[in-house]
Amino acid sequence: MSTGVVGRSVPRLEDDRLLRGRGRFHDDVARPGQLWMRVVRSPLAHARILGVDTARAAALPGVVTVITADDLPPGLRIPVRQPHPGIDFTAYLQPPLATGYVRYAGEPVAVVLAEDPYLAEDGAELVRLDLEELPPAMDARTTAAGPGPVSLAGAPAAQVGTVDFSYGDVDAAFAAAAHVVSADLRTGRHSGTPLEPRGLIADIDDPAGPDGRLTIWGAAKIPHINRRVLASLLSFPEHRIHMRETDAGGSFGIRGEFYPEDLLVPFLCLRTGRPVKWSEDRAEHMSAANHAREQQHLIELAFDADGLLLGLRDEAWLDNGAYIRTHGAVVAALTASMVSGAYRIPAASSRVHIVTTNKTPIGTYRAPGRFQHNFVREHALDIAASQLGLDPVELRRRNLLTGRELPHQRPMQVFGSPMVLDGKDHLEHFDKGLAAFGYDRWRAEAKEARAAGRLVGTACAVILEKAGLGYDSAVVDIGVTGAVRVAMGGATVGQGIETVMAQIAADELAVPVGSVRVVLSDTDVLPDGGGTFGSRSTVVGGEAVRRAAVAVREKAVRVAAGLLDVPPETVHLIPGGLASSQSPRELGWAALAGAAFTPRWIRTGEEVGLIGRATYVAEGMTYPYGAHFAQAEVDPGTGVVRLLRYGMTYEIGRAVHPEAVRGQLIGGAVQGIGGALSEEFRYDERGRPLSLTLDEYLWPRAADLPEFQVEIYEDAPAPGNPLGLRGAGEGGTAGSGAVVAGAVRDALGLPGDVGALPLHPARVRSLMSPHHTPHHDSKEEL
């Protein structure tokens, strides 16, 4: 039963308070008597710790305490939350404070706690680190090939393990190939860098009592999971930890993982019995929060004489930084498992080497693995088109899966789930995008511009996404005033989740969207929840909310039938309540909720009142898909790339809030364009970071971006999801590196590859050197 709320771009519930300055972010939380924490971080990438002198800092008036690893329980390591079969991460897990060695510049070594943030910073500057500098490991591929410098308690910086995915007879495919195309490509190191850096506040209400409760503000993304990790590390009962939601100024995958500070703040709160607050500054964020992306790939594509793909072979080296953080091998697994994309590839083999180096550890960041492998595969297809004398569009059209071949199951599993491409028609989707944006006109414009001496090029890239694995929980209740409350396991990180969950509940209960109160991330209201990551909140959490709302409605129908003395099957939904075709009376939600508390309508084993709980477990992932199109111009004097046109198509299955989907796609594309053109964490030869401010780490500005064209399709509701939903959070990022690289390659007329992302001006100028002779003789130019 639906009232038509789902599918409409209603005003967002979050916007009123945020636009009026009424948001509550972690830094807005202030507790009486709170102390401020400042982290002392290693200035070196790799060194043996000979000593940590805290005496001067501890003696500074206003400093309450200074701690090092010796003050923590021995052997603490931050666990992975998604282990990978066959890989033992134990030796590579991060301690909350460095022990024995420092392994990256920015690693926490000591912590100062003081009465105000300025004294804490003054105290941190007085801590003296006695470090014996050691050679750093800075290149994953070189490190994997041989012994690296001693880095992890005697273990060298080296290959931690490999992740392999394959199907079909790859060797036979390449042996039979008429053409083999290869490329050596690299993606640079960049990350989400949200507008608001990380922060945490912890308070204990009864420090000396056995029932004191630890309340924490600022945990984002996966608060229920982090509560379990924290309880285990502190040996503190989980039911005495209360995670409370705050607004968050962006996440994109990196915010809300369990970092050293997520233990240190509550540990010091329990140790001192006072509230403790920590707010990260930008330089800390740039060196300490998860980095992402850095990989090097050797890819080969095998074709028959007609340009049909026979096989794919890819070997990659993932620079994981100094430690394995909570994501484990997720980035490697998504890089390897989905590299074939939406193409008809009979045989494929992909191997990713996970390698530690002396850089900031990496984690998941919007479209982890897919940004990388889409760039690698799509760029190899562009090279193949040149070498085979085919139009790049036609080469893709020949190899995309069609409706006759879907659903298409690849003989392997991803995170324990069979890989079933469940769309309608990938070729049809691509063709619709070509027509919607007038891509032939883009190419004609580029050709005319090149004839006039300008360096203008176009490109397209096809993506396959994934969404909706795991579980989530929800509670929906209606009180005696008729107020509707929804609690679910996702977290607000700016994506509009409050509005979407309210829409789903309002649709089932026939109430205005604005009347629904949505509670997120509060572990007292909802005992467990899956969290917000992997484009799953709406797909999985939304279905949990729908089921909980249906449970409320079904109980209300039974109560209404009794109050009206009519058969339950005659009771139906009306705006704001229920009615029956056999009674003139209408019952509002307030009256029904009040009646649900009377003994007559209470059943043994059933919760009192109008309340419904649900947990939804997705049996497998759903696979959204789309395409990116770009037109770019290169300045021949500076190498600066300017995007002239940009278009995206996306198969969402069913859009709860179409404008929110559009916003997700555009926002994701902007971040991907940043990683394709300007954003990069760089280091000197000693492993010291060179990108610690936004003057050095270059976000794209509004003036750098074109007007985006977006086409959202609802042609293929997800068959495994009752609402038909597919995730939208990462599709804008997944293809942007690929399409920007292709457009630059076309603009420069390169016969080969662009080598690496980002394509900052110096790199582009190197591609314009004499040994990269412009070449425009592909079918696209005929």
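This is a predicted model: local features need pLDDT of at least 70, side-chain atom pairs count only at pLDDT 80 or more; totals for chains, interfaces and linings use all residues.
I begin with the aspartate, D203. This residue belongs to strand β11, which covers residues 199-204. Is D203 buried or exposed? Its relative accessible area is 11%, and because the threshold for burial is under 20%, D203 counts as buried. The side chain of D203 makes a polar contact with the side chain of R31, at 3.0 Å. R31 is also among the residues that D203 touches once those up to four places away in sequence are set aside.

I turn next to the second largest pocket. Its volume is about 400 Å³. Which residues lie nearest its centre? They are L677, S678, L698, D704 and P761, out of a lining of 21 residues. By class, that lining comprises 11 nonpolar, six charged and four polar residues. Two elements, strand β29 (641-651) and helix α17 (658-677), each contribute at least two residues to the lining.

Finally, I come to helix α19, which runs over residues 736-748. From its first C-alpha to its last, this helix of 13 residues reaches 18 Å, close to the 18 Å expected at 1.5 Å a residue. Why is α19 described as largely enclosed by the rest of the structure? The reason is that 13 of its 13 residues are buried. In general, an α-helix has 3.6 residues a turn, so residues three or four places apart point the same way. Just after α19 comes G749, with a positive phi of about 65 degrees.

Thank you for your attention.

Key:
Residues are numbered from 1 along each chain as its sequence is written. Side-chain values use heavy atoms; hydrogens and water are left out. Helices (H or I, at least four residues) and strands (E, at least two) are DSSP runs, numbered from the N terminus. Buried means under 20% relative accessible area, exposed over 50%, partly exposed in between (1.4 Å probe, protein chains only). A polar contact is a pair of N or O atoms within 3.5 Å; within protein, one must be able to donate a hydrogen and the other to accept it, and residues adjacent in sequence count only if both atoms are side-chain atoms. Contact means heavy atoms within 4.5 Å. On a 1 Å grid over the protein atoms alone, a cavity is a set of points where a 1.4 Å probe fits but cannot get out, and a pocket is an open set with protein on both sides within 12 Å along at least five of seven lines; lining residues have an atom within 4 Å of a point. Grid points are joined across faces, edges and corners, and a volume is the space filled by probe spheres set on the points. Ala, Val, Leu, Ile, Met, Phe, Trp, Tyr, Cys and Pro count as nonpolar, Asp, Glu, Lys and Arg as charged, and the others, Gly among them, as polar. The expected span of a helix is 1.5 Å times one less than its number of residues.
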